[in-house]
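Please look over the structure shown here with attention to its charged side chains and to how they pair. The report that follows is meant to be read alongside the coordinates.

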Amino acid sequence: MKEFRHWRPTKWAAFFTPLFFCLLCCGSAHAAATKPSLREIQERIAKQFAEASPLADPGDARARDAAAAKLVECQDFLTAVGERLLWGGCEPVKGYDPRTYSLTEFDPLVWLKLYGSTLMFTGEHEIKTNGLFSVLELKAKFRSNLDPGDYPYPFWHSPKKWQAYLDLASLCVVFRDEKIVAVYRVAESDPTKPPA
């Protein structure tokens, strides 16, 4: 009959086991320490959008196509937005809560290619807090002179919607904690217009 011996830790096991656990714990602490803050993520998104879709001739379809190809590589945005993106118009005086507005749900990659690429970013941006939300506001311009077939949607069928895009002054990326909960187009405020 074969005799089984009880395993006994060798001097090497006694040395390496605590070392292994120390490295494991230190590695976790280092990963937590190097995790970017929300502000860092927002700053990176602002930079990535400005580099991917800079100001250009608003009728240049090739610039729009190049922007579409680069925007889908904005990993910080894609990580923060998750599997769905809520998109629509926003009036900052009403706040940034998505429940306030009638929004359209998109796959984030589809939105970046079709809608995000119709916007050009100046590089100017602001980060502000509004209640539970942190808002990254990117100054932007709409590619208003593309051929009708180059737009993802026939905006011009509705004069009100077309005007809303022509008046677009910024894109607001709204975060709750570290997740993007909505992306809004915001029109330039005109003090001569009566409030809606």
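The text below goes through the salt bridges and then turns to the surroundings of one aspartate.

The model is a predicted one, and side-chain atom pairs count only at pLDDT 80 or more. In general, side chains of opposite charge can pair when their charged atoms come close. In this model the count comes to 11 salt bridges, and the table lists some of them, including pairs taken up again in the text.

| Pair | Closest N to O distance |
|---|---|
| Arg44 and Asp76 | 2.7 Å |

Glu178 lies in the loop between β5 (168-176) and β6 (179-187), while Lys35 lies in the loop between α1 (11-34) and α2 (38-52), so the pair ties together parts of the chain that are 143 residues apart in sequence. Glu178 has a relative accessible area of 34% and is partly exposed, whereas Lys35, with a relative accessible area of 52%, is exposed because the threshold for that class is over 50%.

In the salt bridge between Arg44 and Asp76, the closest N and O atoms are 2.7 Å apart. This pair also links distant parts of the chain, with Arg44 in helix α2 and Asp76 in helix α4 (residues 75-81), 32 residues apart. Arg44 counts as partly exposed at 37% relative accessibility, whereas Asp76, at 15%, counts as buried because its value falls under 20%.

Elsewhere, salt bridges that share partners join Arg64, Asp65 and Asp150 into one network.

Where in the fold is Asp150 placed? Asp150 is found in the loop between β4 (133-142) and α6 (159-166), and at 23% relative accessibility it counts as partly exposed. When residues up to four places away in sequence are not counted, Asp150 touches Ala61 and Arg64, and Arg64 is also a member of the network that includes Asp150. The C-alpha atoms of Asp150 and Leu114 are separated by 9.4 Å, with the two residues 36 apart along the chain.

Conventions. Residues are numbered from 1 along each chain as its sequence is written. This is a predicted model: local features need pLDDT of at least 70, side-chain atom pairs count only at pLDDT 80 or more; totals for chains, interfaces and linings use all residues. Side-chain values use heavy atoms; hydrogens and water are left out. Helices (H or I, at least four residues) and strands (E, at least two) are DSSP runs, numbered from the N terminus. Buried means under 20% relative accessible area, exposed over 50%, partly exposed in between (1.4 Å probe, protein chains only). Contact means heavy atoms within 4.5 Å. A salt bridge is a side-chain nitrogen of Lys or Arg within 4 Å of a carboxyl oxygen of Asp or Glu.
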